[in-house]
Amino acid sequence: MTRTIFEKGLDGRSGKYIQENDCPVDEALLPIQRISSLGLPRIGEQGVIRHYMELASKNYHIDKGIYPLGSCTMKYNPVVNEEIARDNAFCGIHPAQNEADVQGALELIFNLQEDLCEICGMDSFSLQPAAGAHGELTGMMIARDYFRDRGEDRKIVIVPDSAHGTNPSSVSICGFKPITIKSDDRGMISPSDLKEEVNSETAVIMLTLPNTLGLFERNIGEIIEIAHDAGALVYMDGANMNALLGIVQPGKIGFDIMHLNLHKTFSTPHGGGGPGSGPVGVRKHLSDFLPVPRVVKNGDKFAFSWESEKSIGKVHSYFGNFNVFVKAYAYICRLGSEGLRDVSRNAIINANYLMKLVGKFYDVEYPGPCMHEFVASSVNLKKYGVSTLDVAKRLLDYGVHAPTVYFPLIVKEALMIEPVETEKKETLDRFVEIMKKISEEAASNPDLLHEAPISTPVRRLDEASAARNPDFRWREME
Ligand SMILES: *Cc1c(COP(=O)(O)O)cnc(C)c1O
C-alpha cells in the first residue's frame, strides 16, 4: 500500500546534509528565525527518491508501453532533445537580454521558422502561439484583420463535423460564427455540399487535415478552389502533421493559414499542461498580419523586427516557448528531410496495419485507407451490453493505455486509435491480441468487463469528481 510522503515521514527526520551545530548559539546573531513549521514532509533523501519511484512505477507512461491515444500523438520523443534543450547555453539566457548577446538563440528561432516554411510550403511562420488551440485563435485573428483591411465584412467560418473540437471554439472566441458542414458517408467533405454553404459572407473554411477520422480529404483541390473562388481563405489545422511530413506541403496545395503542434509532431512530450507550441504559418498575402516581433536576418546578424503596421500584435510574452523550439529544431536537424518523410510513412503504415487487424474484431465505419490514425467502434459489442468505456477500462488490466474514446462524435462508441511511427510490429500485434481477447470476453463474460479495471492501483473512478475534487491520498479498495 502506498502512503503519502507526509504519512511516511517521522518527526526529526529530514533530508539535510548539514547537521545541527553543537557550538553555543547566540540568538542575537540569528536575526531571522522561522516561528512556525513549514509543514514539509519529515523524510530522508533516500525516502524521497523511493517515494517518487514508487509513484512512477504505478503510473502509465510512454516509456512503459504503447499509448494509442488518437489525435493526441503520444509518441516517443528522443531523450537527447531534452538534454539539448536543458543545456545552459539555452536555458540560462533571459528573453529580455540584448539581441547582440543571444544571437545563437535568435538564429535557432530564425532557422526553425525557415524549416517550418519549407516543410509546410508556407511563406512565413510565427512561433509565438503556445498551443494548437492558441494557434487556431491566432490564425482566426489573422483572417479577421485581413478581411477588415480589405474592407470586407465576412463573419462565417465553415467547420466540418470531422474537425477537432477546438476549431469551432477558436472561431467563436475570435468573433466569427462557426457553421458546421456534415461529412459524407465516406467521412469526407463533399464539394457539392460545400458549394451550397459558401458565399460572400464566408471568411474561412477551416479543415482538420487529416480529419479526426484519420482520413485525407480526397477532394482537397476542389474544396480549396471553391473557397478561393468565393474570396474566402482556407485554414488547415495541422496539429497532426506527423501524417504528412515530406508528403504534402499544405501551402503548395493552396492552404492560406495553418498551425502545427510542435508538442505532437516535433518532439516535445505533452500531457499534464505543457509547455507546448502551436506555430502559425501563412502564405505571402497574409505575412504582414503575423504576430510581432518577428525574428529576421540582416546580413549575418539576427534581430527582432516590430515593423508591421498590419500585425495582429503579440499573442505571447516575448517570443513563445523557446525550449520547445530547441527540441523541434534538434529533431528536424537530426532527421533531415528523408527522416521526416519516414516519420510520416511509418505513422501511416502502422495505422493501416493496425486498422486491418483491429477491424477483424471491431467495427470500422470508415475503412480508409487511413493516415496516422483510424476510428474503430465497439458498437458490435453492444449486443452483449458492453460499451467502449468497458473496453477502454479492460485494456488497463492488460497493461495498455486506452485509446481516445467517444471522439469524434460522428462515430458511435468511438475508439480513436493512433499507434504512431515509433511502435514496432510486435507491440502492434500484442495490442491486437489484447483487443481480440477483450472482444471474446465481451461475449463470454460481459460482467467482467463492467467490473474492469480489476488489477490497477485504483478501480473505475468517477472521472468528473476526480477532476473537480482531486484527493491524492491512497485508499485500499474493498
Ligand atoms: C491536439 C489538437 C488540437 C489542440 O491542440 P492543443 O495544443 O491541445 O491546444 C487541435 N487540433 C487537432 C487536430 C489536435 O489533434
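Student: How far apart do the C-alpha centres of domain 1 and domain 2 lie?

Tutor: Start with where the bounds come from: an automatic or database domain assignment. Here that gives domain 1 (5-58), domain 2 (80-335) and domain 3 (342-466). The C-alpha centres of domain 1 and domain 2 are 48 Å apart. Bear in mind that this is a predicted model, where local features need pLDDT of at least 70, side-chain atom pairs count only at pLDDT 80 or more, and totals for chains, interfaces and linings use all residues. Residues are numbered from 1 along each chain as its sequence is written, and side-chain values use heavy atoms, with hydrogens and water left out.

Student: OK, on to the sheet. In what order do the seven strands run?

Tutor: Helices (H or I, at least four residues) and strands (E, at least two) are DSSP runs, numbered from the N terminus. Two strands pair if DSSP finds at least two bridges between them. In this structure the order is β1-β7-β6-β5-β4-β2-β3, in an open sheet with mixed pairing. At the edges sit β1 (124-126) and β3 (177-181), each pairing on one side only. From one strand to the next, the twist averages 25°.

Student: Over how many bridges do β5 and β6 pair?

Tutor: Four, and in the parallel sense. For one of the residues involved, Asp-237, the bridge partner is His-259 in β6. Helix α5 packs on the sheet, touching β1 and β6, and its direction makes about 125° with that of β1. For such angles, axes are lines fitted to C-alpha atoms, for helices over the stretch in contact, and the values run from 0 to 180 degrees between N-to-C directions.

Student: Which residues have the most contacts inside the largest nonpolar core?

Tutor: A nonpolar core is a set of buried Ala, Val, Leu, Ile, Met, Phe, Trp, Tyr and Cys residues joined through side-chain atoms within 4.5 Å. Buried means under 20% relative accessible area, exposed over 50%, and partly exposed in between (1.4 Å probe, protein chains only). The largest core has 59 residues, and Leu-116 and Phe-266 have the most contacts inside it. Helix α11 gives the most to this core, with eleven residues. Domain 2 and domain 3 each supply at least three residues.

Student: And what is Leu-116 in contact with?

Tutor: Contact means heavy atoms within 4.5 Å. Setting aside neighbours within four places in sequence, the partners of Leu-116 include Phe-125, Leu-260, Phe-266 and Ile-332.

Student: Is Ser-71 buried or exposed?

Tutor: Its relative accessibility is 4%, so Ser-71 counts as buried. Ser-71 is in the loop between α2 (45-58) and α3 (79-85). Beyond its neighbours within four places in sequence, Ser-71 is in contact with residues including His-164, Lys-264 and Glu-418.

Student: How many aromatic pairs does the structure hold?

Tutor: A pair of aromatic rings is described by the distance of the centres and the angle of the planes. Rings of Phe, Tyr and Trp (its six-membered ring) pair if their centres lie within 6.5 Å; planes under 30 degrees apart count as stacked, over 60 as edge-to-face and the rest as tilted. There are eight pairs here. One of them, Phe-90 with Phe-322, is tilted, at 6.0 Å centre to centre and 55° between the planes. Phe-90 lies in helix α4 (residues 88-91) and Phe-322 in helix α11, so this pair ties together parts 232 residues apart in sequence. Phe-90, Phe-322 and Phe-325 form one aromatic cluster.
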